[in-house]
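Visitor: I am new to this structure and would like to be guided through it with a few questions. Could we begin by looking at it together?

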2 protein chains.
Amino acid sequence: MQNSFVSHLYCPKCATSYTIEDRHQLCLCGSPLLVAYDLERLALSMDPTQLRDREPTLWRYRELLPVLHSENVVTLGEGFTPLLPMPSIGADMQIPGLLMKDEGLLPTGSFKARGAAVGISKAKELGVQELAMPTNGNAGAAWALYAARAKMKSTVIMPVDAPLITRNECAISGSNLYLVNGLISDAGRIVADLVKSYGLYDASTLKEPYRIEGKKTMGLEIAEQLGWKLPDVILYPTGGGVGLIGIYKALQELQTLGWVQGKLPRLVAVQAEGCAPIVKAWENQEKASEFWQESKTVAFGINVPKALGDFLVLEAIYATGGCAVSIHDEELLQEQQRIAELEGAFVCPEGAATFAAARKLKQSGWIAENECVIALNTGAGIKYPDTVNVQVPVLQPEQRITR
Amino acid sequence: MQNSFVSHLYCPKCATSYTIEDRHQLCLCGSPLLVAYDLERLALSMDPTQLRDREPTLWRYRELLPVLHSENVVTLGEGFTPLLPMPSIGADMQIPGLLMKDEGLLPTGSFKARGAAVGISKAKELGVQELAMPTNGNAGAAWALYAARAKMKSTVIMPVDAPLITRNECAISGSNLYLVNGLISDAGRIVADLVKSYGLYDASTLKEPYRIEGKKTMGLEIAEQLGWKLPDVILYPTGGGVGLIGIYKALQELQTLGWVQGKLPRLVAVQAEGCAPIVKAWENQEKASEFWQESKTVAFGINVPKALGDFLVLEAIYATGGCAVSIHDEELLQEQQRIAELEGAFVCPEGAATFAAARKLKQSGWIAENECVIALNTGAGIKYPDTVNVQVPVLQPEQRITR
C-alpha cells in the first residue's frame, strides 16, 4: 500500500512551518495550522484512474491524508457518500442540475465522522491517550465513538440544548460527557481550561490540524463522483466552517495535481438568521467575523457565534466568487419537509438550509438555471426528531380505516 | 447497461409459476412468492470481476435484481455498507474473526432501505400508485420515504410502542400514518382490510415478492467483500426473517453461478426471549412456528409473533446446519454498551442481540475460535435513544472541571 504524501504543517497567517511527526495544536501566532503534501511528487507517481478499484471509503485518498502508517487508521467504514440527483426539488426551484451530497450515510449519522476518523487516526499515530473538546453535539458524538474505537479517553462538553441523541452517543461510548448551560463558546472556554490544567490533547475545531483533512474528502469525493469535473456551486451549512475550508483545500490540491481543470466552484456559506457572523462579515467584505450576540437557531450545528477559522472561510468565499446567505428557521424547516415529500430524503435542518439558500440564490439570479449545484446535507434528519411535527391518529386493534 | 436476468415468479410451497410483468402478491395457495433468474445464461455472460468498477450501491448487482428498466430505479444511494473487523469485542468473546455488517449506514438508518429501494422500484415499474403496509417502525419509515421519491402514495400503520423517530420519518414523507394500540399483527389485519376495500398494493412483509430481492443484496455484498469466499457463520436478528431468507437465496444464486464454492455459512436466527417463535420451532425441529402470545422486547424490530415466511427461515437454518437463539433484553442491552465502548459502534438493540448470540454460541462451543463470524447490525443505534442510560452533569458557563 502506497503511503501518505504528507510533508509538513504550516501556518496560513504567518507562514511558520512545523513537523508532521510531532504533536501540534495552534500556531504560536494563534492561527490554525494546515497540512501540506508533496503534490509535485504525487502528480508524477499517480493518476486518478488508480483510485477506481479502491474501497468506497475516504481512505481511498490515503495519499492526500496525513496518516503515515495504515495500522493507525481508525475506521468505521466512513466516506464515499452518495451524490444524489434531486430532480423534483430541483424542478421546484428551477435548478434542474441540483445534486445533494448526503452525509447522513456515515457512522454516527453526520459528516463529523470524516473529521473524527482522520483526526483520531492521526492522534493515535501521535500517541495521544486523552482528548477534550467542546461540541454542538454531532462532532462530540463522532469523536467520542472514534476515540473509543482507538482506545483513547475523551471528555466532551456540549450545550444543554444540543440534540439529545448526541448525548446518548457520547454516553454509550464511555466518554466523560458534560453539559453546559450556555453555548459552544462557553463549552470551549471550559475545555481550554481543562486542556491547560491536565495536558490533554485539544480536539476543538481547528485547534488540531487534522479534522480539516477528514472534511476535505467531501471535496475529493465530489470531484471524483462527477468524473473529475467541477460543479458550478457548492452550498455548505457553516458553523465552524471546517468543511468549507476543507473542500476549498481539496479542490486546490486537485488543481495542483492536474486532476481537475478550470474554475473552482463558487462556495456558498449558509447560516441561520439567528447566527450569521460570516454573512455579516461577507456583506461588509471583512476578512474576519465578529462574535454574534445571543445566537439562536433550530439548526443547532451552525449555532457558532465566532469561528476560529472565520478568516479561512471568508478567504474561500472571496477567492471562488462565492457568497454567504442566511436563512430564517421557519424557511429551512419548510424546505426540510418539502425535500422529504418531493425526494424521500429526510435531511437535517442544517442541510435543509442549503436547499433554502439555493432557492433564494436562484430567485435572485445569482444561480443560473443551467448550473450544476451541490447542496451539502451534513447529517441524517433522524438525529433531530423535534423538527418534525407529527400528528397521527391512534386506532384500536379491532378498528378499520374507511375513506 | 446490461439488464436484469429475472425470469419469473414461483411459489416455494406449490411450485406454481407467475409472470414477472404483472402485479402479484401472494400465491393462490397463500404462500409468499419468490423471484427466479436465468442464472445459466448469466453465468455464461458475466463473471464477478465485471463488478469491480461499478458504483458502491446495491444496484451494482442489477443482473440479480428484478427491475427491468433502469429509469424505474428509485434510489437514495443505498447499499455496499461496511463489513468491519471487530477485533476488541471479538477478543472479548474469543472470536477473533468477528466481523460486523453495518446496516446503520443506509438511507433511513436501517437495512429496511434495501427492501424498500428494490420493492418501490419494482412497484413503480408495475404501475403501482398507492401502497399500504403494517410495520414495527423501520420498514414503514423506509417505504414511506422511498414511496415519496417515487411519487407514490402510502399508508403505514405501526404499533404505538414502535420507535418514535420512525413516526417522524413517515410523517415528514407525507405518508398517511396511523398508530395502533397493539402489535404489528394487529396493524397487519387493519392493512389487509384496507387493501381489500380499496384495491391498494399490499407492501406487507412477503406479501409482495421484491422486498426479499433487496434484502438479499446483504448476502451478495458479504460474499463480494470477502473476495467471494464465504464466512462460517452469519447471525441475523429475526423478526419477519426476510433478510435471512434473502441472504440464503443470494448465496444459493451465487453457488449456482459458480461465483462462490464450498459449504454455505451456518445461518443463525437471533430472537428476543420475549418473542422467540422461530427459536421454539427450531428447538422442536418444526417446519413452521406458532403465534407467540404477549410478545414483548426492547428490540422492537424483532417483535414479530408469527412471521409469514417462518417456514422459509426454518428451511434456511436446517439446510445450512444453522440454529436459532434467543437473548434476554438485559443481555442485549449490556452487549450494546460493550460494543460502543470497545469498538465505537453504536448499534441498534436488534444488532446487539446478534453479538450476544455469538458470545453464547462461542461459550457453548457451537462457534469455534477460528471461525469467520458475521454479526448483522440491522440499523443505527441513534434510532433507539431510549436504550441508553444517560446521566450527565450540567455545568454553568463560568464553572471549571477539576479532577
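Predicted model: local features only at pLDDT ≥ 70, side-chain atom pairs only at ≥ 80, totals over all residues.

Visitor: By what turn can chain B be laid on chain A?
Guide: Two copies of a chain are related by a rotation about an axis and a shift along it. Here the superposition of chain B on chain A leaves an RMSD of 0.0 Å, with a shift of 0.0 Å along the axis and a turn of 180°. That is the relation of a two-fold axis, and the turn asked for is 180°.

Visitor: Which residue of chain B comes closest to the rotation axis?
Guide: The distance to the axis is taken at the C-alpha, and for the closest residue of chain B it is 2.4 Å. That residue is Leu105(B).

Visitor: Is helix H12 of chain B largely enclosed or exposed?
Guide: H12(B) covers residues 349-363, and its 15 residues reach 21 Å from the first C-alpha to the last, close to the 21 Å expected at 1.5 Å a residue. A residue counts as buried when its relative accessible area is under 20%. Because 13 of the 15 residues of H12(B) are buried, the helix is largely enclosed.

Visitor: Which residue has its backbone nitrogen 2.8 Å from a polar atom of the side chain of Gln271(A)?
Guide: Gln271(A) sits in strand E11 of chain A, which spans residues 266-272, and at 0% relative accessibility Gln271(A) counts as buried. Among the residues that Gln271(A) touches are Thr238(A), Pro277(A), Ile278(A) and Val325(A). The backbone nitrogen lying 2.8 Å from that side chain belongs to Ile278(A).

Note on methods
Residues numbered from 1 in each chain as written. Chains lettered and ligands numbered in written order. Heavy atoms only, no water. Least-squares fit on C-alpha atoms with pLDDT ≥ 70 in both. Helix = DSSP H or I, 4+ residues; strand = E, 2+ residues; numbered from the N terminus. Expected span 1.5 Å × (residues − 1). Buried < 20%, exposed > 50% of the residue type's maximum accessible area, 1.4 Å probe, protein only. Polar contact = N/O pair within 3.5 Å; in protein donor to acceptor, adjacent residues only side chain to side chain. Contact = heavy atoms within 4.5 Å. Lists of a residue's contacts leave out its neighbours within four places in sequence.
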